[in-house]
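These are my notebook entries on a structure that I am meeting for the first time.

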Amino acid sequence: MRVLVIEDDADLNRQLATALTDAGYVVDKALDGEEGHYLGENSPYDAVILDLGLPVLDGVSVLEKWRRAGKKMPVLILTARDRWSDKVAGFDAGADDYVSKPFHMEEILARVRALVRRSAGQASSELSCGPVTLDTKGAKVLVDGMAIKLTSLEYRLLEYLMMHMGKVVSRTELVEHLYDQDFDRDSNTVEVFVGRLRKKLGVDVLHTIRGMGYCVQPPGNAD
Amino acid sequence: MRTNSLAFRLTVSAAVTAVVLLLAAVIILSELFEQTVQRNFDGRLRAIMDGLQVSIELAEDGSPRVQGNFADTRFQLQDSGWYWQVAPVEKGKRPAVSASLLEPPLVLPNMTAIVRDGDGYARFSLSDAAGNQLRGIEQRLKIFGSSEDYSFVVTGNFDELRDEVQAFRRALYVSLGVLGLGLLGAIFFQVRYGLQPMKLMQRKLNDIRAGKVEMLEGDFPEEMQPIADELNLLVQSNFAIIDRARMQVGNLAHALKTPISVLTNEARDHKGPLADKLVEQIGVMREQVNLYLDRARRAARAQTVGSATDVEPVLQALARTLQRINRDRGLEVLVEPFPPLKFRGERQDLEEMVGNLMDNACKWSKSKVVVRGKLLPLMGEDGRPWMLIEVDDDGPGLPPEQRATAMKRGQRLDESKPGSGLGLNIVSETAAMYGGRAELDQAELGGLRAILKLPALSGAPGVII
């Protein structure tokens, strides 16, 4: 899952990035509205954390420009001014949720998790596919009720695919959403991870669609 | 009326002037009247004198004698005060006197000291043996057939005239007294009427201080308009200073929120006494920030005047936002259609009040929150209209005995729902600043109904009462 953090306070930006990285997200950072707007316009993100009081271009304008350009990623706004008029302006500009400062990091993580899930069309924090259950809150994976151990990257891969259950996800899309920008995109590592993940799951839910990508479906539903 | 006041100065100076002028008028008028009366009296005395001179002749012994009856009966009546006397200037011969004079001769003042007029008349006052105040005239003439001068004297009883003068004086005192009282009343009225614009200005300044109006409006007299203009500028610059100060407090408080977030997060990542101390102190800072923001908000409200806010767009915007915030729960936030309504106050205050009530309703409702506004049919005590905004939810509601507690500061009836617990209390306080109030009741949907009573402008859009 790839998240963009736009916050002009360098320390807060770093803390948000660190916490999100620790929670298994791939994080891009921007310190002003213009840079943030550029990143959001040109890279696919699963969620954006957007401070409203930004230099160069303010948060509401950034958000409005994205929405006008047809960008639909979920946006969580951060605001110091806890007024209803700010919230109304933020939501009218196209925000999906808001958190007022000062906040606790757990709050942000929970909101981002919910936003990502919701934008993927998943109502519950638990994603199930046949015998496989993925708990986005606890970052745990169960197969037939038994917990299995996954690396962070394996978990992110499975989470992304299960969020988009039944849809074919291309390798490029996976790379974009799972890796940092400096990742070598020609590498075959995605295939390696998919293979490892299949072995660890031990059930037939992760399918390869030749020439198109991967798809998570309950066993027996594959074409 | 205080002694150190314009009204006092104006009233006293005008009153003193009026009294002095009135007293002078009394003196002059009574003096003039007395003189006129005396002149008339003297005229009558001269007529008698003329009669006397025509009727006088000399007896064989050379003493004067009156022929016939030339004067009226008062000269027969003893001690009447009306006397005549003809006596030779040189002593020795008997004078002729009127029958009324019992003990001749008349005791005259020293005639040489009296200035005679062009006709040779001397005028003087005297008293007779009976104690009557007399006025007399004297002329010296030669009687036909004699070579020496005779002194002709006619006197009249001046006491009769004195009564007349007294009566005139009494009438004068009464009429001038009435005039004086009338003048004092007029002065009092004039001062009050003249100083009324000052009172008006004072009342308006009071209103400004009370936050009812923002500037001195109204038609002031030419002399006061520049003062009103200057005061307006002063008031405006005062507002501007307060605004700036408040904005800076707000900016400072908001600016501190980001570093507080940073410090909180940093401290929570570390363990140890330093981190604990930091967390504790950050908590204090957070409270201070909230306290001062709260104060700045309150100060801002104290002077909101003259603004009007369309109610429906505010409710719609809040409903839209809250529906989005709560979309995971599939809440429906509905604004029932109502005729155009204007809130007599700041948009931000309306947003905060209704926003908090709606937010609260959303937290508790199961599926639906309904908001509506309506104009109250009855005018308030100040003759201005009021409106109600009702926020209904279909949640569990509150038993009547808990509804009052829910409005108290910091009171939270259920700690399980998020929120500082200040929401309802702030609504209540803000409504009170506008003279309105917030109440809780039972909603038809089954949950709680929050009712906000607020001052309104007339229902028709664009019409300001």
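Entry one. I looked up what the buried residues of α4(A) pack against, and found α3 (59–68), β4 (75–79) and β5 (97–100) of chain A, together with α5 (311–325) and α6 (347–364) of chain B. Helices (H or I, at least four residues) and strands (E, at least two) are DSSP runs numbered from the N terminus. The model is predicted, with local features needing pLDDT of at least 70 and side-chain atom pairs 80 or more, while totals for chains, interfaces and linings use all residues. Residues are numbered from 1 along each chain as its sequence is written, and chains are lettered from A and ligands numbered from 1 in the order in which they are written.

Entry two. I noted that eight of the 10 residues of α4(A), residues 84–93, are buried (20 or more other C-beta atoms, placed from the backbone, within 10 Å of a residue's own), among them W84(A), F91(A) and A93(A). Just after this helix, G94(A) takes a positive phi of about 120°.

I then asked how many residues of chain B are in contact with chain A, and the number is 20, against 17 residues of chain A, where contact means C-beta atoms, placed from the backbone, within 7 Å. On the side of chain B that touches chain A, α3 (225–269), α5 and α6 each supply at least two residues, and α3(B) gives the most, with nine.

Notes: Buried ≥ 20, exposed ≤ 12 C-beta atoms within 10 Å, placed from the backbone. Contact = placed C-beta atoms within 7 Å.
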